[in-house]
Amino acid sequence: MNIKLKLKIYKILHLIRFSQEYLIKIYHPEDKMRCPIHFCLGQEALASCLNFFLKKNDFLLSHHRSHGYYLSKNCPIEKMISEFYGKSNGSNAGLAGSQELSYSSNKFFSGTILSGMFSVALGTAFAQKNYNKKNVSVTVIGDGGMEEGIVYETLNLASLKSLPILFICENNNYSVHTNINDRTLTNNFKKKVESFEIKYVKISEYKVENIYEKVKAAVSYVRVKNKPIFIEYDTMRTCSHV
């Protein structure tokens with residue numbers, strides 16, 4: 001990977017990280033933001049790399065810890081911050097706040113219902129395939145979301161109908177404050193995903209050049225094969241849960 005491309009990746013990564021650090025710093029002293037906020041400090045790398053491979057008409061459907069993916073989809077940071085303050089010029093006219101942060105112009109949506117957007121991707125991907133749009137849907141959940149039944153219904157239908165979806169699971173081994181080993185006896189996501197005959201990819205490293213290549217290959221697979229793929233991304237958050 002050349003230096004110019006690395007700098008572009010780090011520019012996006014820095015934008016995401018700085019926005020989180022700054023908002024965390026002023027959130028409580030100011031006490032003017034009108035919503036609880038789930039920050040993604042420490043989880044910026046994959047979102048930063050994803051930016052290079054998404055087209056404007058691709059859907060990106062995120063969980064409620066969504067700021068990195070919002071910025072990855074080239075949505076305006078000014079409108080994101082205005083949304084947190086409940087201002088009318090926010091990305092959702094100040095009515096949704098952080099947990100439902102969306103920007104429809106760039107086909108970015110997030111939701112507070114656990115794994116809810118994971119299933120919504122079935123609808124966007126079906127429409128893309130049905131109307132031969134040549135676009136993809138990307139959807140993101142955390143490891144806690146993998147315990148919801150709707151996840152397996154979604155994986156089953158995505159595989160059955162061969163839908164163009166990139167599934168991403170950010171695995172930091174915690175659901176709020178509960179370790180994954182205290183929640184389930186079956187935490188092998190690879191076996192679960194492959195049981196639906198969906199290709200599985202593991203990203204368990206922090207070098208952005210390697211993450212970039214794996215994300216590039218995954219998005220290309222969905223576009224070319226017109227079928228789903230699942231990325232499990234081992235990560236960690238360096239800020240509080242909320």
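Predicted model: local features only at pLDDT ≥ 70, side-chain atom pairs only at ≥ 80, totals over all residues.
Student: Which elements each supply at least two residues of the lining of the largest pocket?

Tutor: They are α5 (116–130), β3 (137–142) and β5 (174–175). A residue counts as lining when it has an atom within 4 Å of a point on a 1 Å grid over the protein atoms alone; a pocket is an open set of points with protein on both sides within 12 Å along at least five of seven lines, whereas in a cavity a 1.4 Å probe fits but cannot get out.

Student: What is the volume of the largest pocket, and what is that of the largest cavity?

Tutor: The pocket has about 340 Å³, and the cavity about 30 Å³. Each volume is the space filled by probe spheres set on the points, which are joined across faces, edges and corners. Among the residues lining the cavity are Asp143, Met146, Ile180 and Phe189.

Student: Why is the pair of Tyr152 and Phe196 called stacked?

Tutor: Rings of Phe, Tyr and Trp (its six-membered ring) pair if their centres lie within 6.5 Å, and planes under 30 degrees apart count as stacked, over 60 as edge-to-face and the rest as tilted. Here the centres are 6.4 Å apart and the planes 25 degrees, so the pair is stacked. Tyr152 lies in helix α6 (residues 149–160) and Phe196 in the loop between α7 (189–194) and β7 (199–203), so the pair ties together parts 44 residues apart in sequence.

Student: What makes the pair of Tyr200 and Phe230 stacked?

Tutor: Their ring centres are 6.3 Å apart and their planes at 15 degrees, so this pair is stacked too. Tyr200 is in strand β7 and Phe230 in strand β8 (residues 229–234), 30 residues apart.

Student: How do you know whether Tyr152, Tyr200 and Phe230 are buried or partly exposed?

Tutor: Buried means under 20% relative accessible area, exposed over 50%, and partly exposed in between (1.4 Å probe, protein chains only). Tyr152, at 22%, is therefore partly exposed. Tyr200, at 13%, counts as buried, and Phe230, at 0%, counts as buried.

Technical notes. Residues numbered from 1 in each chain as written. Heavy atoms only, no water. Helix = DSSP H or I, 4+ residues; strand = E, 2+ residues; numbered from the N terminus.
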